[in-house]
Amino acid sequence: MPHFKTAIVVGASSGIGEALVRQLAKDGVVVAALARRVGELERIKADLGAAGAQVRIYPHDVTDFGSVPGTFDRVKADLGEVDLVIYNAGVMPTVAESEYNFQKDHEMISVNLLGAMAWLNPAAAYMEARRSGTLVGVSSVAGDRGRRGNPGYHTSKAALTTYLEALRNRLTRYGVTVVTVKPGPVTTPMTQGLGKLPLIIPAAEAAAGILAHARAGSVEGYVPFAWWPIMSVIQQVPSWIFRRTNI
Ligand SMILES: NC(=O)c1ccc[n+]([C@@H]2O[C@H](COP(=O)([O-])OP(=O)(O)OC[C@H]3O[C@@H](n4cnc5c(N)ncnc54)[C@H](OP(=O)(O)O)[C@@H]3O)[C@@H](O)[C@H]2O)c1
C-alpha cells in the first residue's frame, strides 16, 4: 500500500476537494491545492497551516489548457517529487428537462474531461518515467449510464472513466497506479438546491473513501460501496426500459 509524501489536488477549493486536502494534510502529506478561487484556497491553507500542515496553493483555471504543463512543472519543482495526483475539478450546471444548451455542455466537457486530460497527460509522462506514482480521477456514478437529466454531465464522466481505464492499461506495466473513483451524491456546493438525493454522504466521507481507494490502488471504486451492486443492476437495464424511467 503506497505511503504518499506529496500530492496534487486539482479542484481543491470546496466540497470533496477541500476535504481531500484537509485529510491528506492531516496525514502529514505535503499538498499542492489548485483551483480558481484563491480566497477559498487561502482560507483552507490558513486553517491547516495553523495546525502545522504543509499546504501550497496555486490559483489555476483548468480550462487554460496551455498553462497546465508549466503549472505542473512548477508544482513538481516546489514539491520535489509528486507521489499522488487527484483530478477532482468538476462542474454540473443545472439543466432543465427540455433544455439543450451547448454552452453548458461545453463547460462540463472542458472542466470535467479536457481539464483531466490536460493534467493527467503530463502527470502520466512524469510517473511513467519515474516508474511509480498514483493518479486518481474523481468520476461519478453518473458516468455509468446516459441518464436523461443532464446529458453533458453524464457524457463527461463516462468519457473520463474510459480515459482513466486507457491510462491504467498503459501505465500499470510501469508501476503507476490509476484509480477511478465513482462517488454517488455528496453534500457539496454542487448538489446544493437539488433536493433529497439517494444515499447522500458528507464530503469528508467521500474524501475518506477516495483516499482509501487511492491507497488500496483500486481499479474502479464506488463511494460508498453500496453503489456497486446498485450500478451493477442499473447498467444491465435494457434501453427500452431505461428510457421510460428516471433512475
Ligand atoms: N457532489 C456530488 O454529488 C458528486 C458526486 C459524484 C462526483 N462528483 C464530482 O466530484 C468532484 C468535486 O465536486 P464537488 O461536489 O466537491 O463540487 P464543488 O464543491 O463545486 O467543487 C468543484 C471543484 O472544482 C473546481 N473547479 C471547477 N471549475 C474549475 C476550473 N475551471 N478550474 C479549476 N478548478 C475548477 C472548483 O474550484 P473553483 O471554482 O475555485 O475553480 C472546486 O474546487 C467533481 O468532479 C464532481 O463532478 C460530485
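**View 1. Alanine 32 in strand 2.** Alanine 32 is placed in strand 2; helices (H or I, at least four residues) and strands (E, at least two) are DSSP runs, numbered from the N terminus. The model is predicted: local features need pLDDT of at least 70, side-chain atom pairs count only at pLDDT 80 or more, and totals for chains, interfaces and linings use all residues. Residues are numbered from 1 along each chain as its sequence is written, and side-chain values use heavy atoms, with hydrogens and water left out. Alanine 32 has a relative accessible area of 0% and is therefore buried; buried means under 20% relative accessible area, exposed over 50%, and partly exposed in between (1.4 Å probe, protein chains only). Not counting residues up to four places away in sequence, alanine 32 touches Ala7, Ile8, Val9, Arg56, Tyr58, Val75 and Leu79, where contact means heavy atoms within 4.5 Å. The C-alpha atoms of alanine 32 and valine 9 are separated by 6.2 Å, although these residues are 23 residues apart along the chain.

**View 2. Strand 1 and its two parallel partners.** Strand 1 (residues 6-10) has 5 of its 5 residues buried, so it is largely enclosed by the rest of the structure. Both of its faces are covered, with Thr6, Ile8 and Val10 buried on one side and Ala7 and Val9 buried on the other. Strand 1 pairs with strand 2 (residues 30-35) in the parallel sense over 5 bridges; two strands pair if DSSP finds at least two bridges between them. In this pairing, valine 9 stands opposite alanine 33 of strand 2. Strand 1 also runs parallel to strand 4 (residues 84-87), joined to it by 4 bridges. There, alanine 7 stands opposite leucine 84 of strand 4.

**View 3. Helix 1 between strand 1 and strand 2.** Strand 1, helix 1 (residues 15-26) and strand 2 form a right-handed β-α-β unit. A crossover is right-handed if, with the strands pointing away from the viewer, the path from the first strand over the helix to the second runs clockwise. The buried residues are Gly15, Ile16, Gly17, Glu18, Ala19, Leu20, Val21, Arg22, Leu24 and Ala25. The end C-alpha atoms of helix 1 are 17 Å apart, which agrees with the 16 Å that its 12 residues should span at 1.5 Å a residue; the expected span of a helix is 1.5 Å times one less than its number of residues. Just after helix 1, glycine 28 takes a positive phi of about 90 degrees.

View 4. Strands of a sheet pair through backbone hydrogen bonds, either parallel or antiparallel. Here an open sheet of 7 strands has the order 3-2-1-4-5-6-9, with parallel pairing. Strand 3 (55-59) and strand 9 (220-223) stand at the edges, each with a single partner strand, so one side of each is left without a neighbour in the sheet. On average, neighbouring strands of this sheet are turned by 20 degrees against each other, direction ignored. Axes are lines fitted to C-alpha atoms, for helices over the stretch in contact, and angles run from 0 to 180 degrees between N-to-C directions. Strand 5 (residues 133-138) and strand 6 (residues 176-183) run parallel and are joined by 6 bridges. The bridge partner of glycine 137 in strand 6 is threonine 180. Helix 4 (residues 102-130) lies across strand 1, strand 2, strand 4, strand 5 and strand 6, and runs at about 170 degrees to strand 4.

**View 5. Helix 5 and histidine 154.** Histidine 154 lies in helix 5 (residues 151-171) and has a relative accessible area of 6%, so this residue is buried. Not counting residues up to four places away in sequence, histidine 154 touches Ala142, Gly143, Arg145, Gly146 and Arg147. Other residues are also buried in helix 5, among them Tyr153, Leu160, Tyr163, Leu164 and Leu167. The cover over the buried residues of helix 5 includes helix 4, strand 5, strand 6 and strand 9. The 21 residues of helix 5 should span 30 Å at 1.5 Å a residue, which agrees with end C-alpha atoms 30 Å apart.

**View 6. The chain as context for the close-ups.** The chain has 8 helices and 9 strands, and buried residues make up 49% of its 247 residues. Along its principal axes the C-alpha trace spans about 55 × 40 × 35 Å. Of the contacts with a separation of 6 or more, 69% are between residues 24 or more positions apart.
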